[in-house]
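Subject: The two-chain model

Hi there,

Here is the structure I promised to pass on. Please have a look at it first, and then read my notes below.

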Number of protein chains: 2
Amino acid sequence: MVLLYKYDPESNFNNQKKFGELHQFVINDLKKVDFLIKEKIKNKINYIPEVASHLFKAGGKRIRPMLCLACARLCNYKGLKHINLSACIEFIHTATLLHDDVIDESKKRRGVITANNIWGNKSSVLVGDFLLSKSFELMTEVENIEVLKVLSETSSIIIEGEISQMISNRNMSTTEDEYLNIIKSKTSNLFATAAKINSYLTKSKVEYKNALDSFGMNLGTAFQIIDDLLDYKAVEKDMGKMVGDDFKEGKITLPIILALRRSNQIENNFWKKTIQNGEINPGDFQKACSILKKREVFDDIYIRAKHYGAIAKDALGIFDNSKEKKILINIVDFVINRSF
Amino acid sequence: MVLLYKYDPESNFNNQKKFGELHQFVINDLKKVDFLIKEKIKNKINYIPEVASHLFKAGGKRIRPMLCLACARLCNYKGLKHINLSACIEFIHTATLLHDDVIDESKKRRGVITANNIWGNKSSVLVGDFLLSKSFELMTEVENIEVLKVLSETSSIIIEGEISQMISNRNMSTTEDEYLNIIKSKTSNLFATAAKINSYLTKSKVEYKNALDSFGMNLGTAFQIIDDLLDYKAVEKDMGKMVGDDFKEGKITLPIILALRRSNQIENNFWKKTIQNGEINPGDFQKACSILKKREVFDDIYIRAKHYGAIAKDALGIFDNSKEKKILINIVDFVINRSF
């Protein structure tokens, strides 16, 4: 077996730089998080860091750990436990990505070939389990029962969301509300936890905890809505993962939900053939995109995302003005306007 | 989708009765554990209890939760948290079984068709994740950081064992020591945790904790050695899972390790064809069993298992004589002499 393991935190920075201001603000803490991740995936079984670091090395936006670090500053947290919590959140996220790629049979993620495509499904399942277990080890090191309860519950909720999504696949009667519940469960909840988790260490008042929860939930919802839009709209090199994957897998995301309600009979037959029955011919993805464009789906999705973004911004209203508050508010627009 | 969920704790009892004395001793607590498991897998998404209860319903020996309950009595624990811990240990075990069946592509487990074979790999991966997350929720309810550290570390170690086993598959140079390290990691460690975990609640002296750890480790090692033997020796209806699975999957277990070191050139070519290259023809499993018999592998494996059994029994020497101590010592022989 060729040992590919050469972990280099710097390699992530290109992607993170796209989050410019936020990245600059937390850069010193983020280096500590990267170092801790590197330490935690070290193992006497070389195979584990090899597979795990494949995904960490490829980077990703690192928005969840950065959010956790910035919110620690907003809560005026002075200790070091936010480093653990930030790494823990990235571990939970990465574990779900590994299992996601098995479930979706994905070929590419973050611009590189997926682990399951190199090492097979078996290793992705087990290394995902390993990362999930390590996330629990990281939590327990924080030695705070309330923090543990929030994080372990978050982990269950994410998986419930993944299961709901699996069940809704190819089900054309899925409503926008059902879709929202799924993405809140699988995505927004971890954003909310990242945002509020440090407030349990600083023993912040409940209204501040709730404000951070609301900020994270709505930012996460906007983030996922845009992610699902970009699967139809982005250029592949910007997106990292392969554009059109959701379409091929018959995932019922917002672009499809809106299109289904605006299509004529001919278009509806097309969705039935492709999304419901999974019969996809060359050129069908381009055809799907042109229907979405014709039915003005993209514009309306931006309006939806901005709605959740506006709630997120207002949620932080109870915090005094500060540099960190300004940066957190700015990432809302950044998340909505990104092309990757 | 047909809703199969009809959880009936009584249905497990046939298997558990095989552990007679131990089962009778913990029966009241075990009913509480069964009830808690039932409560914890309830979910608004019907699909989750449906898949999860498929495996719980099929029963299994329930040796780990019974061990946990009996050892709580040995530690003179008076509270109710041992019910949580016992359920938590069964959840960790069941999660690994679900993922195991995906990895091994198993068709049968505990005498019934595996979940992955009914609902597909995707749902086994996700419901396994769900159970693993629920096990962490159960741990946090105990509100004891030391207990959490032991259990979360155990969970990582099990997965490391599974990964080591996957890597050793079809590798004929695997030594008996490497095999022992794998089974200690994937099996014995959870037995050790089941045995000792309550001693953290009773704040037992370290020598009692270590004694329980040693008892569990060695009992678990004997248990897994016999499990691996039965995959060649048992009658399928007794074993629950399909006999010959390890052979088909090229797993390097003790029967193969010993046979490889005692075979002549013709037999070695047979192992190379079947275990290393995975070329299995009708009748090959029977041929494998006859080589094991001819080379007296079975008898020597019993001697090996008894060695670990003896260490387990002696480990409890520092405890005063009691009914629970006697029952725990008796299960060692029961584990070794079972035919299922």
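**Two crossing helices in chain B**

Helix H3 (residues 47-57) of chain B and helix H7 (residues 121-141) of chain B have axes that come within 10 Å and cross at roughly 90°. That makes H3(B) roughly perpendicular to H7(B) (angles of 65 to 115 degrees count as such; they run from 0 to 180 degrees between N-to-C directions, with axes fitted to C-alpha atoms over the stretch in contact). Helices here are DSSP runs of H or I with at least four residues, strands are E runs of at least two, and both are numbered from the N terminus.

On the H3(B) side, Ile48(B), Val51(B) and Ala52(B) meet Ser123(B), Val127(B), Phe130(B) and Leu131(B) of H7(B); contact means C-beta atoms, placed from the backbone, within 7 Å. By type, the residues of this contact are 6 nonpolar, 1 polar and no charged (Ala, Val, Leu, Ile, Met, Phe, Trp, Tyr, Cys and Pro count as nonpolar, Asp, Glu, Lys and Arg as charged, and the others, Gly among them, as polar).

A word on the source: this is a predicted model, where local features need pLDDT of at least 70 and side-chain atom pairs count only at pLDDT 80 or more, while totals for chains, interfaces and linings use all residues. Residues are numbered from 1 along each chain as its sequence is written, and chains are lettered from A and ligands numbered from 1 in the order in which they are written.

**How the chains meet**

A rotation of 180° with 0.0 Å of shift along its axis places chain B on chain A, with an RMSD of 0.0 Å (least squares on C-alpha atoms of residues with pLDDT of at least 70 in both). That is the relation of a two-fold axis.

Chain B brings 34 residues to the contact and chain A brings 34 residues. On the side of chain B that touches chain A, the elements giving two or more residues are H3, helix H5 (81-104), H7 and helix H8 (145-168) of chain B. H8(B) gives the most, with 14 residues. That side divides into 16 nonpolar, 9 polar and 9 charged residues. The copies meet through the same surface, because 100% of the interface residues of chain B are also interface residues in chain A.

**One more residue to look at**

Lys108(B) sits in strand E1 (residues 108-109) of chain B. Lys108(B) counts as partly exposed because it has 18 C-beta neighbours inside 10 Å (20 or more would be buried, 12 or fewer exposed).

Best wishes

Terms used: Angles under 35 degrees count as roughly parallel, over 145 as roughly antiparallel, 65 to 115 as roughly perpendicular and the rest as oblique. Two residues are in contact if their C-beta atoms, placed from the backbone, lie within 7 Å.
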